[in-house]
Amino acid sequence: MYGLTRYKLFFLLPGLLVLLAIILFPLIFTIRVSFSGWDAVRPGLDWIGGVNYGRLLADGRFWQSLSRLGLMAVSAVAIEYVLGFGLALLVWRQIRFRRLVRVLFLIPMMTTPVVMAVIWRTVFHESLGPANDLVTLFGFAPIPWLTNAQWATFVVILVDVWQWTPFMFLLLLAGLLSLPREPLLAAAIDGAGPIRAFWNVTFPAMAPISVGAIIIRLIEASKIMETVYVITSGGPGTSTETSSYYIFIRGLRDFQIGYAAALSITYLVIMIVLLTIIAKLLTKTLIKAEA
Amino acid sequence: MERLYPLLKAAAILLWSAFVVAPFLWALTTSFKTANGVTAGPTYIPFVDYEPSLAAWQGLFGSGGGSIDIASPFVSSTVVTLSASLVSLVLGTLAAYGLSRFSYKAGPVGNNDLTFFFVSQRIMPPVVLAIPFFLMLGWLGLLDTIAGLVIVYVALLLPISVWVMVDFFNSIPRELDETAMIDGCTPFETFWRVILPNSVPGLVVAGIFCIIFGWNDFFFAFTLTFTQTQLLPVAIVSLNSSVTPWWSLSASALISVAPLIVIAFLVERYLDKGSIGGRK
């Protein structure tokens, strides 16, 4: 028995210890730093109690960045889910050039987000980019893509949709391919049209994988900052600044390490709580509907 | 309606494909422009709309004026990505095998909690870790080094390899292990001689995911390196800041995503065999 224990530890321990050292220790350290006044002028681990947390409660820029992040993440993921599901349904059955189409649909999620963001920024350049060329072709006035708050938000969401719809597509297609055929055949025999068959058979059967895909995407979307940094730098003003980006500015630009640590911990806790609630709600509404 | 449907379907597929391809085509055509070609406004077709030039591409490969060194960031990115992927694949595979085959118990913590602990690290926003990483690598003297980045990337990639490999090992029948044990293999020999050779598809998928996520990271490379070490995404984004040379920007962007497009073809092949998407 002693021998087996040794093997059990041999397998698990290296990975576990590495993860504890690289992630858990920094996290605990951050919690400690959040109670210090560590900044560029006076670096060091002093103890100032909850001052940083008090300041954070009154920091409108932080709370705005959170609600903005919520809006961006939820709308981007909703659009990605609908489009990804639609595309998966389109290529589910045999179609011509099936493999080429699938590769094409997968490519965006493989590419480096910041590198694509650099390209997107040139696409949406107001006078030199093709986006406004297309808009004026249809007879509209050029759009101030990156200098207007609403349009800039739209561009950030659009780029996210371009990049991550393929992820939804991949998971939902895998789900569709693994569905049993019989219920759909039965529905067809009962005379259900394609739309009714979808709502009554396919959609409920896809509920568990849908919930999984939406949650994974929400987790990833709640971290949005790189593309924002490249495309708008949070602007115009602070109108596209997400929480991660704001914390980055406070911590690694202003070197208000203590305050940024307090922001990080608050952000992390809010994210975990919100995502847990959303996961519970989604599971309840989508999967219960099946029963 | 019956006849209209295939037409609508083809139109939808074409429309989305055009959207997917558009930024690549735009970057491709821009990469053949010169300063004049860019400032003249959006143009698309070489020879017709503008006079194409190879200057940007030559600049990337170190000849011609205003050349940009893309080779050394490319090498750094490759070294960091491959070493971090390899380390996390080894550690992740060992841990995943343990979690899949043995039962662990430490107080209230069991196998599922341990697996969840590994996977849940993906929830952590990079910015939360950036500050402690910055300070700790500073203390270790590893800021701005390849080794420092590899350590950080192992933490990012380990959850992915554990997640994929636990799923994969669970799909391999336990009888295989038992037979090997009866034949007198130790647990490690069972793992090494019997299970691992049967795990190539899982290892490939986990490896691909690690490479994609490692190659695509920007944030940690951006916050933890300055001048000595530069990874590809950081090098490209830094071109973005000053007077933007769109042509070099486009050419280097295309070079940096090219390996990933090759990987997309690989992923599709595995999708066809049904080994992505977890349980079937």
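Helices here are DSSP runs of H or I with at least four residues, strands are runs of E with at least two, and both are numbered from the N terminus. The model is a predicted one, so local features were kept at pLDDT of at least 70 and side-chain atom pairs at pLDDT 80 or more, while totals for chains, interfaces and linings use all residues. Residues are numbered from 1 along each chain as its sequence is written, and chains are lettered from A, with ligands numbered from 1, in the order in which they are written.

Of the 291 residues in chain A, 42% are buried (20 or more other C-beta atoms within 10 Å of a residue's own make it buried, 12 or fewer make it exposed, and anything in between is partly exposed, with C-beta atoms placed from the backbone). Two residues are in contact if their C-beta atoms, again placed from the backbone, lie within 7 Å. Take the contacts in chain A between residues at least 6 apart in sequence: 68% of them join residues at least 24 apart.

The peptide bond leading from G235(A) to P236(A) is cis, with omega near 0 degrees.

Chain B has a residue with a positive phi too: D144(B), which isn't glycine either, has phi near 65 degrees. D144(B) sits in the loop between α6 and α7 of chain B. Because 16 other C-beta atoms lie within 10 Å, D144(B) is partly exposed. Another loop of chain B, between α4 (71–101) and α5 (111–120), contains G107(B). G107(B) counts as exposed because it has 5 C-beta neighbours inside 10 Å. Between the C-alpha atoms of G107(B) and R193(B), 86 residues apart along the chain, the separation is 33 Å.

Now for the inside. A nonpolar core is a set of buried Ala, Val, Leu, Ile, Met, Phe, Trp, Tyr and Cys residues joined through C-beta atoms within 7 Å. The largest one has 152 residues, and V118(A), A95(B) and V154(B) have the most contacts inside it. Helix α7 (residues 146–170) of chain B supplies the largest share of this core, 18 residues. Leaving out neighbours within four places in sequence, V154(B) touches V18(A) and I22(A) as well as A84(B), V87(B) and S88(B).

Helix α7(B) also packs against helix α10 (residues 200–216) of chain B, at an angle of about 155 degrees and with the axes 9 Å apart (axes are lines fitted to C-alpha atoms, for helices over the stretch in contact, and angles run from 0 to 180 degrees between N-to-C directions). That angle makes α7(B) roughly antiparallel to α10(B) (under 35 degrees counts as roughly parallel, over 145 as roughly antiparallel, 65 to 115 as roughly perpendicular, and the rest as oblique). Residues in the contact include Y153(B) and F168(B) from α7(B), and G202(B) and F213(B) from α10(B). By class, the contact of α7(B) with α10(B) has 12 nonpolar, 3 polar and no charged residues (Ala, Val, Leu, Ile, Met, Phe, Trp, Tyr, Cys and Pro count as nonpolar, Asp, Glu, Lys and Arg as charged, and the others, Gly among them, as polar).

How do the chains meet? Chain B puts 74 residues in contact with 64 residues of chain A. On the chain B side, helix α13 (residues 246–273) gives the most, with 14 residues. That side of chain B has 57 nonpolar, 13 polar and 4 charged residues.

One helix pair spans the two chains: helix α12 (residues 243–253) of chain A and helix α6 (residues 126–140) of chain B have axes that come within 9 Å and cross at roughly 20 degrees. The pair α12(A) and α6(B) is therefore roughly parallel. Among the residues making the contact are I247(A) and F248(A) of α12(A), along with I131(B) and F134(B) of α6(B). The contact of α12(A) with α6(B) divides into 7 nonpolar, 2 polar and no charged residues.
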